[in-house]
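This briefing is meant to be read with the sequence and the model side by side. It begins with the chain as a whole and then turns to selected residues, grouped by topic.

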Amino acid sequence: MATQASNTLIIACPVCATFNRVPREKMGASGTCGKCKSALFSAKPVIVTAANFDAHAARSDVPLLVDFWASWCGPCRQMAPAFEAAARQLEPWMRLGKLDTEAEQAIAGRYDIRSIPTMILFRKGGEVARQAGAMPEGAIVNWARSAAR
């Protein structure tokens, strides 16, 4: 959570999941990870796995919008470019991530994913909103912004 005294946000690196303190007023600037030197925001969804899920969903101050998908799912493949394009509009104030439900069955089971694609917006570990079904870029952006309010 952002501290009042320092007005900083904790951001998980999309590459190594190290936590970085970023001043709120510099969120739009191109910051880099203090450990691996990767860009903190790349305007692309991060690949979410069991190893980095909690860092992004629960401990980062930036809300995480996860696309639960599978490679065999036609609507998932159809929505993938729209979800990636939405990242360019929603970052840095929201992180987008893709979770392969076949590879990460435990996480998919934890959130009772019954149909894909399903998007879930997380804030500090809690589910804020859920939407099932493929959507175009504009609808993803509008839904995410509305759900984050």
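**Overall fold**

Of the 149 residues in the chain, 47% count as buried. The model is a predicted one, and the points below should be read with that in mind.

- The secondary structure amounts to four helices and seven strands, and along the sequence these elements follow the pattern β-β-β-α-β-α-β-α-β-β-α.
- With a radius of gyration of 15 Å, close to the 15 Å that the globule rule gives for 149 residues, the chain is as compact as a globular protein of that length.
- Taken along the principal axes, the box filled by the C-alpha atoms is roughly 45 × 30 × 25 Å.
- Among contacts in the chain with a separation of 6 or more, 62% are accounted for by residues 24 or more positions apart.
- The accessible surface of the chain is about 7400 Å², and carbon and sulfur atoms contribute 52% of that surface.

**Aromatic rings**

- The structure holds three aromatic pairs, and one of them is formed by F53 and F122, whose rings lie 5.4 Å apart centre to centre with 85° between the planes, an edge-to-face arrangement.
- This pair links distant parts of the chain, since F53 belongs to helix 1 whereas F122 belongs to strand 6 (residues 118-123), and the two are 69 residues apart.
- F53 has a relative accessible area of 1% and is therefore buried, while F122, with a relative accessible area of 0%, is buried because its value falls under 20%.
- The rings of Y111 and F122 have their centres 4.9 Å apart and their planes at 70°, so this pair is also edge-to-face.
- Y111 and F122 are both buried, and ring pairs link F53, Y111 and F122 into a cluster.

- N20 lies in strand 2 (residues 19-23) and counts as buried because its relative accessibility is 9%.
- The side chain of N20 reaches the backbone nitrogen of G34 at 2.8 Å.
- When neighbours within four places in sequence are left aside, N20 is in contact with L9, I10, I11, C13, T32, C33, G34 and L40.

**Cysteines**

- A search of the whole structure finds zero disulfides; for C16, the nearest cysteine sulfur is that of C33, at 3.6 Å, and C16 is in no disulfide, because a disulfide would need the two sulfur atoms to be within 2.5 Å.
- C16 counts as partly exposed, with a relative accessibility of 29%, whereas C73 counts as buried, with a relative accessibility of 4%.

- H56 lies in helix 1 and, at 2% relative accessibility, counts as buried.
- Not counting residues up to four places away in sequence, H56 touches A12, C13, P14, V46, V62, L64 and R95.
- H56 and R123 are 67 residues apart along the chain, and their C-alpha atoms are separated by 9.2 Å.
- S71 has its place in the loop between strand 4 and helix 2 (74-90), where its relative accessibility of 46% makes it partly exposed.
- S71 and I113 are 42 residues apart in sequence, and their C-alpha atoms are 15 Å apart in space.

Definitions and conventions
Residues are numbered from 1 along each chain as its sequence is written. This is a predicted model: local features need pLDDT of at least 70, side-chain atom pairs count only at pLDDT 80 or more; totals for chains, interfaces and linings use all residues. Side-chain values use heavy atoms; hydrogens and water are left out. Buried means under 20% relative accessible area, exposed over 50%, partly exposed in between (1.4 Å probe, protein chains only). The radius of gyration is taken over C-alpha atoms; the globule rule is 2.2 Å times the number of residues to the power 0.38. Contact means heavy atoms within 4.5 Å. Accessible areas come from the Shrake-Rupley method with a 1.4 Å probe; for residues, only the protein chains shown count as cover. Rings of Phe, Tyr and Trp (its six-membered ring) pair if their centres lie within 6.5 Å; planes under 30 degrees apart count as stacked, over 60 as edge-to-face and the rest as tilted. A polar contact is a pair of N or O atoms within 3.5 Å; within protein, one must be able to donate a hydrogen and the other to accept it, and residues adjacent in sequence count only if both atoms are side-chain atoms.
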